[in-house]
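Here's a quick briefing to read alongside the sequence and the 3D view. Take a look at the chain before you go through the points.

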Amino acid sequence: SSVNRSGLSFDSLDIALSIICLVIAVCYTHHLKHRALGEAAVFLAFGPGLYCFVTASVVRCNTFPVPSKFMWEAAISIPFGLSAVCILLSNNIRDERADADSGVVTLVHVIGRPLSVATLKTLLISTVLFFMAS
């Protein structure tokens, strides 16, 4: 187990986050995408999950000290996750008919096109506000 300057070990955290991201990636393609959970999986994988993994890896390599305000700094990952969700949701809105024909159930099918467009607009505005705040 590797120990950084602060005496904290991050090997188990690296392994846990790697496994979680791998499970999300595999489950997205084969399960989550087809059950209207793709947006949640993408947010977790490309937002907080990616940020936590990179932070733990960099800290473990002793390139900078453990962040003193980890939770606040982790909040910076939110706009990145929201950006990824915006891309996915806009794609799902565009492909609504093709997805329905192929049996894929997305968030667009669950909440409808008008509410999906409103959600996309809200997420886009939220992303910009988060970027401005951080």
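**The big picture**

The chain has seven helices and zero strands, where helices (H or I, at least four residues) and strands (E, at least two) are DSSP runs numbered from the N terminus. What you're looking at is a predicted model, in which local features need pLDDT of at least 70 and side-chain atom pairs count only at pLDDT 80 or more, while totals for chains, interfaces and linings use all residues. Residues are numbered from 1 along each chain as its sequence is written, and side-chain values use heavy atoms, with hydrogens and water left out.

**How confident is the model?**

- The average pLDDT (the predictor's confidence in each residue, from 0 to 100) is 80 for the chain, and 73% of the residues score at least 70.
- Over residues 1-8, pLDDT stays under 50.

**Packing inside**

- Of the chain's 134 residues, 29% are buried; that means under 20% relative accessible area, with exposed over 50% and partly exposed in between (1.4 Å probe, protein chains only).
- Leaving out residues up to four places away in sequence, Leu123 touches Leu82, Val85, Cys86 and Leu89; a contact means heavy atoms within 4.5 Å.

**Charged residues**

- There are two salt bridges, each needing a side-chain nitrogen of Lys or Arg within 4 Å of a carboxyl oxygen of Asp or Glu.
- One pairs Arg94 with Asp95, with the closest N and O atoms 2.9 Å apart. Arg94 is exposed at 61% relative accessibility, whereas Asp95 is partly exposed at 21%.
- The other joins Glu96 and Arg113, also at 2.9 Å from N to O. Glu96 sits in helix α5 and Arg113 in helix α7, so this pair ties together parts 17 residues apart in sequence.
- Asp99, in helix α5 (residues 96-101), is buried but has no salt bridge: the nearest side chain of opposite charge, Lys33, is 5.6 Å away. For charge, Lys and Arg count as positive and Asp and Glu as negative, while His and the chain ends aren't counted.
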